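Good morning, and thank you for the time.

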Amino acid sequence: MEERLEQARYVLLNDLEEIPQLAERVEAFGVRHAVSSKVIFNLNLALDEILTNVISYGYPDHLPHHISVTLMWRPEGMTAEVEDDGLPFNPLADAAPPQVDVSLEERSVGGLGIHFVKTFMDEVSYCREGERNRLRLWKRLEGSGREAAHDPN
Amino acid sequence: MIRIDESRQGAALVLRLTGRLDGGGSGALEALLLERIAQGVGEIVVDFTGVDYISSAGLRVLLMGAKRVKPSGGRLALSGMVESIREVFEVSGFLKILPAFATVEEAREGR
């Protein structure tokens, strides 16, 4: 019988092409833990938006950097933690929510990625530790009955 | 990766997408939309039946296309979204500004 992994860590380069490959790994990890395709989709969307920001704007030196993504599964929810050594980037402090009630002409997509992260995740936390950004995303798993803030440890 | 199948159906240009409309895939769609709009295409249907993923990068390109065709009386309509894709459109507010239909045929006629 296959052992169920509780945690998996992936190290990415700061290259946008890494994102779809990570998505496949997140999906495999989720499927292994019987996580619904909807949760996997939402987690991948949030990770994509965060990583796209980090990779696109975090590295003005244009040198290769490593970004670590750690997935954790527990019966009540899935956590994804992103750690990078890019410029400070706090998605929670960043920007007003997008205006979603304006006409086509007035509409822009600014802030939409972070709006997705906040909408589709149940908890988002950020801290800057020394030279590193550490962002934690948490998504509740259906049927867990867990409503309160969780203790990641 | 995204695959884009193009067809002309009456006055409409129908783009059937397959795969991921993410940061990578949206570049190909953007280039194609800009080219066809420059050639005078005004009626565009983008069919999402085969799309299993979209991010804000994909939405940005759709918004760009819709804005470009509107001044000349054109329109960019959507069709065939699966539930997870539809939810992303819903949360983005795009369903209020882009017409969305169940099928390509309805999208072509639905105005």
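Predicted model: local features only at pLDDT ≥ 70, side-chain atom pairs only at ≥ 80, totals over all residues.

Residues are numbered from 1 along each chain as its sequence is written, chains are lettered from A and ligands numbered from 1 in the order in which they are written, and side-chain values use heavy atoms, with hydrogens and water left out.

Let me start with the sheet of chain A. Helices (H or I, at least four residues) and strands (E, at least two) are DSSP runs numbered from the N terminus, and two strands pair if DSSP finds at least two bridges between them. Five strands of chain A form an open sheet with antiparallel pairing, in the order β1-β2-β3-β5-β4. Its edge strands, each pairing on one side only, are β1 (7-13) and β4 (123-129) of chain A. From one strand to the next, the twist averages 15 degrees; angles run from 0 to 180 degrees between N-to-C directions, and axes are lines fitted to C-alpha atoms, for helices over the stretch in contact. Strand β2 (residues 66-74) of chain A pairs with β3(A) in the antiparallel sense over seven bridges, and A:Arg74 has A:Gly77 in β3(A) as its bridge partner.

Two helices of chain A meet this sheet. α1(A) lies across β1, β2 and β3 of chain A and runs at about 175 degrees to β1(A). α2(A) packs on the sheet and touches β1, β2, β3 and β5 of chain A, its direction making about 10 degrees with that of β3(A); contact here means heavy atoms within 4.5 Å.

In chain B, five strands form an open sheet of mixed pairing, in the order β1-β2-β3-β4-β5. The edge strands are β1 (2-9) and β5 (100-101) of chain B. β3(B) pairs with strand β4 (residues 75-79) of chain B in the parallel sense over five bridges, and B:Glu43 stands opposite B:Arg75 in β4(B). α2(A) packs on this sheet as well, touching β2 (12-21) and β3 of chain B at about 105 degrees to the direction of β3(B). α1(B) lies across β1, β2, β3 and β4 of chain B, at about 170 degrees to β2(B).

I turn to the helix pair in chain A. The axes of α2(A) and α3(A) come within 9 Å and cross at roughly 145 degrees. Among the residues making the contact are A:Leu45, A:Glu49 and A:Asn53 of α2(A), with A:Ile114, A:Val117 and A:Phe120 of α3(A). By class, the contact has seven nonpolar, three polar and one charged residue; Ala, Val, Leu, Ile, Met, Phe, Trp, Tyr, Cys and Pro count as nonpolar, Asp, Glu, Lys and Arg as charged, and the others, Gly among them, as polar.

On a 1 Å grid over the protein atoms alone, a cavity is a set of points where a 1.4 Å probe fits but cannot get out, a pocket is an open set with protein on both sides within 12 Å along at least five of seven lines, and lining residues have an atom within 4 Å of a point. Grid points are joined across faces, edges and corners, and a volume is the space filled by probe spheres set on the points.

What is the volume of the largest pocket? About 470 Å³. Of its 21 lining residues, the closest to the centre are A:Glu49, A:Thr52, A:Asn53, A:Tyr57 and B:Ser56. α2(A) gives the most to this lining, with six residues.

The second largest pocket has about 330 Å³. Among the residues closest to its centre are A:Asn44, B:Arg20 and B:Tyr53. Here α1(A) gives the most, with six residues.

There are two cavities of 30 Å³ or more. The largest cavity holds about 50 Å³, and its lining includes A:Ile50, A:Phe89 and A:Leu135. β5(A) supplies the largest share of that lining, three residues. The second largest cavity holds about 30 Å³, and A:Asn44, B:Arg20 and B:Tyr53 are among its lining residues. The largest share of this second lining, four residues, comes from α2(A).
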